[in-house]
Amino acid sequence: MPAWLKDQLPLIVLLLLVLLVSLSDSGFMAPGNLLVVTADTMTLFLMASGVTFVIMTGGIDLSIQAVASMTSCIVAALLPSLGFAAVPAALLSGAVFGLANGVVTTRLRIPSFVATLAVSGVATSVAYLVSDARSVLIAAADRDAYLGWAVGEIGPVQNEILVGLFVLVGLTLAAGLTPFGRFVRAIGSQERAVIASGIHADRIKIQAFVISGTLAGLAGVVMAGRLGSGSPTLANEFLLPAIACIIVGGTAITGGVGSVWRTFIGALIIAVVRIGMTFIGVSVFAQQIVFGLILVAAVAITMDRSKVATVK
Amino acid sequence: MTTVLEVRNGSKSFPGVKALDDVSIEIARNEVVGLIGENGAGKSTLLKIITGIYQLDEGELIVNSRTLALKSPRDAFDHGVAMVFQEQSVLPTLTIAENIFLGREQEFLRFGLIDRKRMNAAARDELAKVHLDLDPATRTADLTFGQRQMVEIAKALSLDSRIEGEVIILLDEPTSVLEQREIDLLFAIIADLKQRASILFISHRLDEVLRVSDRVYVMRDGRVVHEVASADAKIHDLHQHMVGRQLDHRYYREQRQVAADERVLLKVEGLTRTGAFNDIAFKLHAGEILGIAGVVGSGREALARCLAGLEPAESGDIEVGGASVRIAAPHQAVAAGIGFVPSERKVEGIVAALDVSENMSLAAKDRFLRHGLIDFAAERETATTWVRRLGVKTPSIRTPGGSLSGGNQQKVVLAKWRIAGSDVMILDHPTRGIDVGAKEEVYELIRDMAAEGLGILLLADTLEEVIGLSSRILVMKDGRISRTFEAPVGAKPEQIDLIEAMV
Amino acid sequence: MTGWGRYRSLAPVLVLLLLCLAISAINSNFLSVPNFVRLLSAAAIPMVLVMGATFVILMGSIDLSVEGVVALTAVAVSMLVANDVTSLDLGFLSLPVALVVGGLIGFANGFIHVRLRIPSFMATLGIGFACVGIATAVLGGYTVRISDRGFRDLTLGRVLGVPFSVWTAGLAVFVAWIIQERTRIGRWIYAIGTDEVTARQVGVPVERTRIWVFTIAGLFYGLGGAMSAAQLGQGHALISQGRLFTTITAVVVGGTALSGGVGSVLNSVIGVLIVVVLTNGMVLMGIPPFVQLGVQGVLIISAVALALDRTRLQVVK
């Protein structure tokens, strides 16, 4: 496969899928429907957006669904008393868990898939404590007053889309214009050369985890707004699709290559696949199977095997 | 005499290097053959051919009168060729017996289960051959380094009773980790071994080679250049053969060698790291190229890595530009103005996914930052300048570092440190794995840096290179500086002098 | 090995003893025969699962598919014995079916990981999720109730006052120990986990062994799935929630290193007991159950950090 084709494959796949679905469902291409589909995809994209950086460094963050659930509980529980301040509080708690992930994996030198799995246990505990093991309802008035930025509409455009685009642009600029973005790529490509150049690779990795935790937190807040409640299991079933949309977008699990833009495309691919499956009558439950297989296949295709001597 | 192993007209190339060039050797039954040569002479490539890690491009490998294409060390083992690895292959989590028979447990299976009693008894027999009185059920993690080496040898010997045909044992630097007592024991074992096996013995220590072997091959530049019966060999002659041709002064740009400045850029005192180097002291002056010579294990690589902050020392003082600095991590070395050009360029030098300009500005800290953002214009300009100045052959400064040739990658790494403003450069095998034309360009660049007043610490690939380039040479042996040679133009030390200080 | 290093292998046992002492000092109910039986009974299923996971981790890999395999096999078993959804009534014949299903999924894990050369955590994550998906899809989110009393005795029946599940777990430990100590696969697991390159050089069939080990792990999970169904008397897709976490905690707390090569199934037995005793202690002390997840998370981190071999430091991803 020529390099340019491999590079553009996710976009081509997306367009083909859209074409395929719109051929069988004429209503799919209606502008209103496309907006709804995109808006529905944004929580998934938000969860995956930050992890993209972690994966680009060659690590992984398996705590995002636990963190998102936790912040949904936090924001729902705090809204009545703190008002809008509940939102930054929730994001901050996401950031703190991201920091914990980063510190545990770099300072204690624990592989990230285990470190983040362990930290996610703590996050889930916090979620249960905050929510008292129940769904925490958000009053409609509170939601409109404080979460309108996430779940309202401006004209025909849902605010989720704007939040998603804001994150997409922000992270893309950060990746392209700051040393952080460059070091993330460099660490994923050859960490030892980066360290030998006098760069604090661990700090960069911690920053990536913090971004991942914060954005998982944001995803939790937006989800809470959409559903009108927070719950300790709110974001369950989101981890696999989130990882899948990063990999499907073309970011390699081995690190070094990738972008948030690719994750955006990946999220749309996952969304369209889901719609397509629903359309042909695959049950919601069975879709999980397909995503599992898509993930494995995408990892196998994008992975750079020259970088790993022994695959463990 | 029956020949049990022969390499006939063997050649082997790697990108940019001809590692073996028409090499022929043979080992007769019950013979001990020594193999000597400088680092990079082709000894280890030859070994890897014989043990099936590499395959010959041309020529034949004949074992027990059969021409073979060995696929793996295990394949070689099954054909009677056993290697005692320099970096030990004894696994610390397994017992002695398990290590000896790893991958060959078949003979001890009963109803699919391993009969430990029988396996341990068999292991005890093998241990007896190397006079090692240990319980075979001991975990090898609990053994000394020397004992593990003996287990390794016992493992090789276990072939003896298990295959038809002759057994050939390859010993690669087996004495480098042993105590004198263990060395004597090893030699006794080799003498004993000769009754039933043939041996190829590789060592840096010529006296040892002459002591145990019947015949010696000398390798240089991928070729066998000399063959002599040990009884007729003289150490001095062997050194001469290892060294070879006369130097071409122009090749190393000796006309450009400058006298070192008085100014001390780097001063090291009492630097120690247990097991690597001991009480190292030297000064590096501006404009000086200070070569460090030594065999593998002399501690020179560890010293270079220590000064780059990659493997911190335990004690000792380092001063850079007159100020005392602590170097426990690479960022401290970089901040002090020390640049490190690693021997493993693709691991610690170039970042494959970053483009040329990104690689060049990697160590430059805040130089290309404006309001926290990358100043692409300034970066581009600097990169373009250095690409021109060092003659980096690249389609553009946007080309990924990973797709350049070795020589051009090396130039990018050099540019990285020049841009970072390092005035002490540690060059760890700067010409390793790059082709001849690019080598000369690198020599030119090294001279440029010295002319501009940088101090250069050079670990060269060959003795020829270290002598040609350096203005002063430290020779390291067993972790200490054993001698210092002044190397002014016209009065360079001879390679043979260096070798005698090295081994 | 010097000083602390030599005794580090005893640390888990010490932790277990101290834990028991501390809990019995706070709550006298801890040191009672009924509580011990309860402890062992709670440890039975984790014990079976951990036996499989230990082998995978000893090899330096990881298996994140535990929950998926347990869920799928539990659902499969519950639908094969007398139940309220299908009209089948295979009784104990469902047990080999669970083992086969578990083994096949394990084989799939290993095969995908080895042949497609993708990291085990990714392969098993994908397969594990797919299995939960299948379990959910088969039942459409419902729960199967098992009406076969005899089958439920597989865990609930008592022999010498001890639940049958405990005996089964004991048997599983014995089998795992035999595999570890007396078979070639067992020895090769250590060789691969210690130094895969050397293992390959001396002729250990690394790829084949890896696939075998994932398959063996799947067999243990299959048994664990059948036991889960029998214990709860039902089958549903969420039956295995939390199992992955407990499994990894137990392996790691027991002293088996994530980097491979160091540890043993016996370590993991101690690990399971630590986790179960801790949970039991927290229940006795009235700590809400959801805090336990957090405690386990902290436990994983501290155990791995303490067991870290600082002589083998490399870049950690």
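## A covered helix in chain A

A residue is called buried if 20 or more other C-beta atoms lie within 10 Å of its own. Keep that in mind as you look at this predicted model, starting with helix 11 of chain A, residues 239–248. This helix is mostly covered, since 10 of its 10 residues are buried. Among them are A:Leu239, A:Pro241, A:Cys245 and A:Val248.

What covers the buried residues of helix 11 of chain A? The cover includes helix 1 (3–24), helix 2 (31–56), helix 3 (64–82), helix 12 (260–279) and helix 13 (284–302) of chain A, together with helix 6 of chain C. Just after helix 11 of chain A, you will find A:Gly250, which takes a positive phi of about 110°.

## Where chain C touches chain A

Let us follow helix 6 over to chain C. The contact between these two chains takes 44 residues from chain C and 43 residues from chain A. On the chain C side, helix 6, helix 10 (196–201), helix 12 (243–253) and helix 14 (291–307) each supply at least two residues. Helix 6 of chain C gives the most, with 13 residues. Sorted by class, the side of chain C that touches chain A has 30 nonpolar, 11 polar and three charged residues.

## Two helices packed within chain C

Helix 6 of chain C (residues 120–139) also packs with helix 4 of chain C (residues 66–80), at an angle of about 25° and with their axes 7 Å apart. Angles under 35 degrees count as roughly parallel, and therefore helix 4 and helix 6 of chain C are roughly parallel to each other. Helix 4 of chain C passes helix 6 of chain C in a left-handed crossing.

Residues that make this contact include C:Gly68, C:Leu72 and C:Val75 from helix 4 of chain C, and C:Phe129, C:Cys131 and C:Val138 from helix 6 of chain C. The residues of the contact divide into 13 nonpolar, two polar and one charged.

## Where chain C touches chain B

Chain C meets chain B too, through a contact that takes 16 residues from chain C and 17 residues from chain B. Helix 9 (184–194) and helix 10 of chain C are the elements that give two or more residues to the chain C side. Helix 9 of chain C gives the most here, with five residues. This side of chain C divides into six nonpolar, six polar and four charged residues.

## A six-stranded sheet in chain B

Now turn to chain B, where six strands form an open sheet in the order 18-21-22-15-23-24, with mixed pairing. Which strands sit at the edges? They are strand 18 (338–341) and strand 24 (480–486) of chain B, each pairing on one side only. Neighbouring strands of the sheet are turned by 20° against each other on average, direction ignored.

Strand 23 (residues 472–477) and strand 24 of chain B run antiparallel and are joined by six bridges. Across this pair, B:Met476 stands opposite B:Ile481 in strand 24 of chain B. Helix 17 (residues 495–502) of chain B packs on the sheet, touching strand 15 (289–293), strand 23 and strand 24 of chain B.

## One residue up close

Strand 15 of chain B holds B:Ala293. Is B:Ala293 buried or exposed? B:Ala293 counts as buried because it has 29 C-beta neighbours inside 10 Å. Leaving out residues up to four places away in sequence, B:Ala293 touches B:Leu463, B:Val466, B:Ile473, B:Val475, B:Leu498 and B:Met502.

Note on methods:
Residues numbered from 1 in each chain as written. Chains lettered and ligands numbered in written order. Predicted model: local features only at pLDDT ≥ 70, side-chain atom pairs only at ≥ 80, totals over all residues. Axes fitted to C-alpha atoms, helices over the stretch in contact; angles between N-to-C directions. Helix = DSSP H or I, 4+ residues; strand = E, 2+ residues; numbered from the N terminus. Parallel < 35°, antiparallel > 145°, perpendicular 65-115°, else oblique. Left-handed = near helix turned anticlockwise from the far one by under 90°. Contact = placed C-beta atoms within 7 Å. Nonpolar A, V, L, I, M, F, W, Y, C, P; charged D, E, K, R; others polar. Pairing = 2+ DSSP bridges. Buried ≥ 20, exposed ≤ 12 C-beta atoms within 10 Å, placed from the backbone.
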